[in-house]
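Open the model in your viewer and follow the stops below in order.

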Amino acid sequence: MFNDELSEIFSEMADIEEIEGKRWESLAYRKVSGNIAALGEDIREIYRRNELRKIEGVGDAIAKKISQYINEGRITAYDEMKKKYPINFRDLRKIQGLGPKKIAVLFTELGVTNISQLSDAINSHKIADLPGFGSKSEEKLKKSLETFQQVGSNRILLAKGLREIDYIREKLLASGLFEKVEAAGSSRRMRETVGDIDLLAITGNVESATDYFLSLDRIEGAVSRGESKVTVNLKIGITCDLRFIEPDSFGAALQYFTGSKDHNVKLRDLAISKGMKLNEYGLFAADQKIAGAFENQIYEKLGLMYIPPELREDRGEIDAALSGKIPRLIEYNEVKGDLHMHTFDSDGSASLEEMAGAAKASGLEYIAVTNHSKSLMIANGLNEERFNTFNKEVERISEKLDFSILKGVELEILKDGSLDLPSTSLKRMDFVLGAMHQFVSQDREENTNRLLNAIRSGLVSSIAHPTGRLIGSRPPYQLDMDRIMEACASEGVFLEINGSPERSDLPSDLARRAAGFGVKFTLGSDAHNMNDLSNIRIATAVARRGWLTKDDVVNAMNLQDIRKALRT
Ligand SMILES: [Zn+2]
Ligand SMILES: [Zn+2]
């Protein structure tokens, strides 16, 4: 949390220096911002050990700024900058198509400092005439803004919610005041975004347990405090309910508060049709409680297979459970490799050795390193020669760490569907992840053909983040997904489920649809630093919400099998 705040400040300083035309300073701040966000520990601990300078990109001047922030809660240089540019960069940056330069023009020409002023400017058509904009970009901004507003500023991405839950839960359990703490709600269903956090707990001492909960540093303030429920605002901007539950109702409460609403309505109706009653306290038959302590017994006594939380969206899961057809979903620990990540050789912030070391330490059996190819210049993409050199490094590090690393590339699929590297170069790769990042058209046919060309090239293993959507900032590309799925199935090309939280792409509903065509999937964290390797959990969650089994997921295979699968 502290790291995030500090990282955001350096990110804004980078934006402002960019506006001022100070490219070098901007890059330096940008780098430090990323590195602080990716730290595995609270930067204040590093400061206490007097080791700030060990963070990459931190020199004397920046170390001083960090120290000042830790000691005084402010940075003088930042305050000065904000006097000149009192802009809410954090929000405006989320609008697709708005970089620092454009934000600066909006500010100097129209005085826009936040989202609502931007919205006013768009609605009164003041944007089109600005230097560097035009009516097309006004139209684009309008769309981006709509997407931004749909997610709503009061929901957060799943990964962030899970981090918060893990932290709070661990603290509560370590206090010795709680016998049990479980998260319910949409985060247990692993929805892409989380509106609030629901925690259920068993305690022998509500009074002390509540006091302890309220003392946690993540909490901004209490909203209400009752005997069975405490509601607080969290510093990350959403609320959290902590409910105290009796042990013999815990399973029923967990079922009830996990939802979804639609799932629960169907389940209650089913209970009624069997002459039973289901509520948050238990399942009752003739006023006799027949299940309550354990969630799986609720489903069992209703004559259903157990339904994993990720499936509880009223998309046919109850019928499937009635007829014994709930698939055995891929388990979080069944993913043996991570097939999408970057090192600082393209746009990552860690070395190959660091990334591979961290992946190995996390228990994976292998990874594919997939740096960008040359046409993605903004990400320092590699040309054929640089890949040759890099792939030798892959062999060296693989041997050094005694860890399998597949030679990969996140390959630009160019505007006409041709590939960014020659086939000789691609044939030396173990894993080619085709991706469309640039010059994406508004024309559905054009985009679809572009991907189809790549799928039929015989050189691409999988298609990265196929829809291109960014949750809260960019709608999906215009694509005929059915034709793409069909082609992938017949050509043996995989579709990626990208675990980067704002991507979560393919989305789960499309993954389920693609599986129906016979498509198989590769899961990737798309990590650009060591911390984000944990996003393979997000990719797996999407796969589970898409009803996928181990057999649907390529990287549930062991190394030998995946090498075979990739060769054909
Ligand atoms: Zn990408
Ligand atoms: Zn990537």
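How far apart are the zinc ion (ligand 2) and the zinc ion (ligand 1), and which residue coordinates both? They are 3.5 Å apart, and Glu 410 coordinates the two. The model is predicted, with local features needing pLDDT of at least 70 and side-chain atom pairs pLDDT 80 or more, while totals for chains, interfaces and linings use all residues. Residues are numbered from 1 along each chain as written, chains are lettered from A and ligands numbered from 1 in written order, and side-chain values use heavy atoms, without hydrogens and water.

Select the zinc ion (ligand 2). Its protein donors are His 340 (NE2), His 342 (NE2), Glu 410 (OE) and Asp 526 (OD), 2.1 to 2.2 Å from it. Donors are N, O and S atoms within 2.8 Å of the metal (3.2 Å for Na, K and Ca); water is not among the atoms, so sites may look incomplete. The donor residues are spaced H-x1-H-x67-E-x115-D. Glu 410 lies in strand E13 (residues 404–412) and Asp 526 in the loop between strand E17 (521–524) and helix H23 (536–545), so the pair ties together parts 116 residues apart in sequence. Helices (H or I, at least four residues) and strands (E, at least two) are DSSP runs, numbered from the N terminus. Both Glu 410 and Asp 526 are buried (under 20% relative accessible area, 1.4 Å probe, protein chains only).

Next, select residues 282–285, strand E9. Strand E9 runs antiparallel to E8, joined by 4 bridges; Leu 283 in E9 is the bridge partner of Leu 278. The open sheet has the order E8-E9-E10, where strands pair if DSSP finds at least two bridges between them.

Technical notes. Buried < 20%, exposed > 50% of the residue type's maximum accessible area, 1.4 Å probe, protein only.
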